[in-house]
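Here is my note on the two-chain model you sent.

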Amino acid sequence: MLNQDANGRRGGFTLIELLVVIAIIAVLIALLLPAVQSAREAARRIQCTNNIKQLGLALHNYHDVHGRFAPGSITVAITPTRDYRQPFVTSLLPYVEQGNLAASYNFNQSFQHGTNDTTRLARVNVFDCPSDQQVLFLNSDGTNADVKGNYGINWGQDTYGDPILKAPFALNYGASLAEITDGTSNTFLMAEQIQLPQPAGQPVNVIDRRGRIWSDQPSSHQISTRNGPNSQVPDLGACWPATDPRKAPCVRRTAQGPTHYMASRGKHPGGVNVLLGDGSVRFIKDSISIPTWRALSSIAGGEVISADSL
Amino acid sequence: MLTNRTDRPRNRSLVSLAARLVPAALVVAAVVGCGDSSEPPRLPVSGKVTLDGKPLPAGQLTFVPLDGRTASVAEVRDGAFQTDGSTGPAPGRYQVEIYAVESTGKTIPSPDIPGATIEEERDLVPERYNVKSELTAEVKPDGDNAYEFALTSQAPAARKVRRR
């Protein structure tokens with residue numbers, strides 16, 4: 001026979017030895033696979049960072065042209081029953097190389113008008129974070145109404161109606177660089193949010209507004225620093241508690257818009273990407289202290305932010 | 001084929017098996033040991049909520065951490081709430097926010113979907129118990145952590161209510 005030693009035993013591996021080797025290989029794969037997966041997430045996070053950086057460049061180009069940052073939303077009451085509404089995202093379109101999309105948008109009508117349906121359904125990569133899912137907001141008949149997005153704007157320290165200290169964005173208001181006396185590197189402009197799907201098993205008029213960039217309504221893309229990034233404290237607004245109680249907790253209310261608030265949330269482990277006023281992007285940890293986080297959201301609060309507290 | 005094996009080699013292979021398995025087990029333990037142990041332990045809490053002396057029919061009660069990061073939401077049903085040990089707050093100080101709305105019975109146009117309607121709601125509980133809450137609670141590591149919140153819809157006349 002082959003490979004026999006002096007005692008007549010066959011040289012080779014026993015079954016047990018083979019099993020042990022297989023077990024060791026399995027352990028090594030189990031060790032390696034999460035590393036590969038987190039490398040993928042790292043790549044997605046870098047893409048996500050780049051997107052928000054592009055939005056920062058767009059905001060600064062907008063500032064060069066108009067002398068101010070783009071207004072948070074535009075809402076003008078024309079008559080008691082009719083108003084004009086224009087979301088934040090429309091102002092940015094020409095500055096993210098979407099001039100054609102901006103040209104297809106009818107600025108004489110509110111964003112919900114039928115002439116703007118096609119514009120609202122166009123996905124623009126720069127508004128989406130690859131770590132998150134892409135969600136469409138639905139019409140009352142269940143057809144697609146508009147695309148959601150992953151980047152919200154800094155709306156102050158508390159609620160939609162009461163930012164406490166002035167933020168870079170508000171209704172019909174975008175700050176100018178001169179007004180950001182805290183310093184542009186100590187004030188953030190935009191931060192991440194997640195796109196929440198239509199509440200499962202609910203009528204279509206029961207909505208989750210979070211992540212809706214094509215809207216002027218509270219708790220859609222207006223980020224408050226009342227609670228920290230990825231906070232376990234629920235958002236308050238037109239959201240749905242059962243969708244993701246761990247990652248996107250919610251206390252639902254449809255009315256009383258001024259009381260709504262929404263925290264910055266993202267799908268990256270440990271924190272969110274935040275665009276500062278100078279155009280830089282920082283990864284802000286979930287564990288940032290709330291006073292620091294709130295100091296970052298005011299444009300002229302006079303707070304001292306130590307660099308090691310970010 | 002497994003033939004004419006004496007006890008001695010078998011023992012030796014068992015020893016070598018153990019010698020190989022022990023490092024593997026250590027590696028597994030090291031990996032599993034680094035799991036989500038960062039969260040402080042959560043505790044079950046319970047309590048009662050009354051509005052003007054009557055049990056609050058339905059609402060949400062939120063424990064907002066004043067120190068730490070662990071928050072908790074509890075559903076209020078017929079004036080009572082409770083959480084189990086997996087969803088409750090961790091020991092520490094909390095601001096308590098109680099949200100409750102009721103339908104006014106009217107329907108209004110949806111601000112989100114043209115043509116759709118939603119029910120109009122109004123707040124049952126005043127702002128000083130939720131958005132600008134003055135309620136606090138301390139969750140103790142030992143103790144039954146039962147709370148009673150007696151809310152009034154009218155502000156106390158004696159002092160001006162303002163959180164900040």
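1. **Contacts in chain A.** This is a predicted model. Take the contacts in chain A between residues at least 6 apart in sequence: 65% of them join residues at least 24 apart. Buried residues account for 46% of the 310 residues in this chain.

2. **Overall form of chain A.** Chain A contains five helices and 13 strands. Its radius of gyration is 25 Å, whereas the globule rule gives 19 Å for 310 residues, so chain A is more spread out than a compact globule. Along the principal axes, its C-alpha atoms fill a box of roughly 105 × 50 × 40 Å.

3. **Helix 5 of chain A.** This helix covers residues 290-297. Its buried residues are A:Trp293, A:Arg294, A:Ala295, A:Leu296 and A:Ser297. What lies over them? The cover includes strand 5 (151-154) and strand 8 (188-192) of chain A.

4. **A:Asn139.** Look for A:Asn139 in the loop between strand 3 (136-138) and strand 4 (144-147) of chain A. A:Val204 is 65 residues from A:Asn139 in sequence, yet the two are 7.5 Å apart in space, C-alpha to C-alpha.

5. **The contact between the chains.** Chain B puts 31 residues into the contact and chain A puts in 29 residues. On the side of chain B that touches chain A, the elements giving two or more residues are helix 1 (7-33), strand 3 (58-65) and strand 8 (117-123) of chain B. Helix 1 of chain B gives the most, with eight residues. By class, this side of chain B has 17 nonpolar, seven polar and seven charged residues.

6. **Confidence.** The model scores ipTM 0.83 and pTM 0.83. Chain B has a mean pLDDT of 81, with 72% of its residues at 70 or more. Where in chain B is confidence lowest, and where is it highest? The lowest is helix 1 of chain B, at a mean of 57, and the highest is strand 2 (residues 54-55) of chain B, at 96. Over residues 1-7 of chain B, pLDDT stays under 50. For that stretch the model has one contact beyond four places in sequence.

7. **Points to read together.** Helix 1 of chain B gives the most residues to the side of chain B that touches chain A. Confidence in chain B is also lowest in helix 1 of chain B.

Conventions: Residues numbered from 1 in each chain as written. Chains lettered and ligands numbered in written order. Predicted model: local features only at pLDDT ≥ 70, side-chain atom pairs only at ≥ 80, totals over all residues. Contact = placed C-beta atoms within 7 Å. Helix = DSSP H or I, 4+ residues; strand = E, 2+ residues; numbered from the N terminus. Nonpolar A, V, L, I, M, F, W, Y, C, P; charged D, E, K, R; others polar. Buried ≥ 20, exposed ≤ 12 C-beta atoms within 10 Å, placed from the backbone. Rg over C-alpha atoms; globule rule 2.2 N^0.38 Å. pLDDT = per-residue confidence, 0-100.
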